[in-house]
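Here are my notes on the model, as numbered points. Please read them with the structure open beside you.

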Amino acid sequence: MTLIRRSSTAVPLALVLTLAAGSALAGTTGTEFQTMYTTLLNWATGFLGKSIAIAAFILGAGIGIARSSPIPALAGVVFALFMVYVPTIIDSIMTAVI
């Protein structure tokens, strides 16, 4: 009996919430954060991001030489690739309009 009551109130509530939902605009609003976003994006894709990526590779290579293993150097390469491609991927995800 309680299952029927719960579903009889949950279904109309879910329908109202579904119809009241607007489009997702996660990457197109909030202009007050535009300068912060631009600064962080420039840091990540500019010389700071490239320097961090190179430092990660050099650190990984150094650890790899010390341990006689190529895995830390590969981790540095993967980190460097993330520094290059992830800002673009995140920007593409956030600016997509559903």
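1. Accessible area here comes from the Shrake-Rupley method with a 1.4 Å probe. By that method, the protein chain has an accessible surface of about 7900 Å², and carbon and sulfur atoms account for 76% of this. Keep in mind that the model is predicted.

2. The fold is simple to list. The protein chain holds four helices and zero strands, so the order from the N terminus is α-α-α-α. Of the 98 residues in the protein chain, 12% are buried.

3. Next, the surface. A nonpolar patch is made up of Ile54, Phe57, Ile58, Val77, Leu81, Val84, Tyr85, Ile89, Ile90, Ile93 and Met94. Together these residues have about 1100 Å² of accessible area. Helix 3 (47-67) and helix 4 (71-94) each give the patch at least two residues. The largest share, eight residues, is supplied by helix 4.

4. Phe57 is part of helix 3. Is Phe57 exposed or partly exposed? Its relative accessibility is 38%, so Phe57 counts as partly exposed; the class covers values between 20% and 50%.

5. Last, the loop between helix 3 and helix 4, where Ser68 lies. Ser68 is not a glycine, yet its phi is positive, at about 55°. Most residues other than glycine have a negative phi. Ser68 counts as exposed because its relative accessibility is 69%, and the cut-off for exposed is over 50%.

Note on methods
Residues numbered from 1 in each chain as written. Predicted model: local features only at pLDDT ≥ 70, side-chain atom pairs only at ≥ 80, totals over all residues. Heavy atoms only, no water. Patch = residues over 30% accessible without salt bridge, like charges linked within 9 Å, V, L, I, M, F, W, Y side chains within 5 Å. Salt bridge = Lys/Arg side-chain N within 4 Å of Asp/Glu carboxyl O. Buried < 20%, exposed > 50% of the residue type's maximum accessible area, 1.4 Å probe, protein only.
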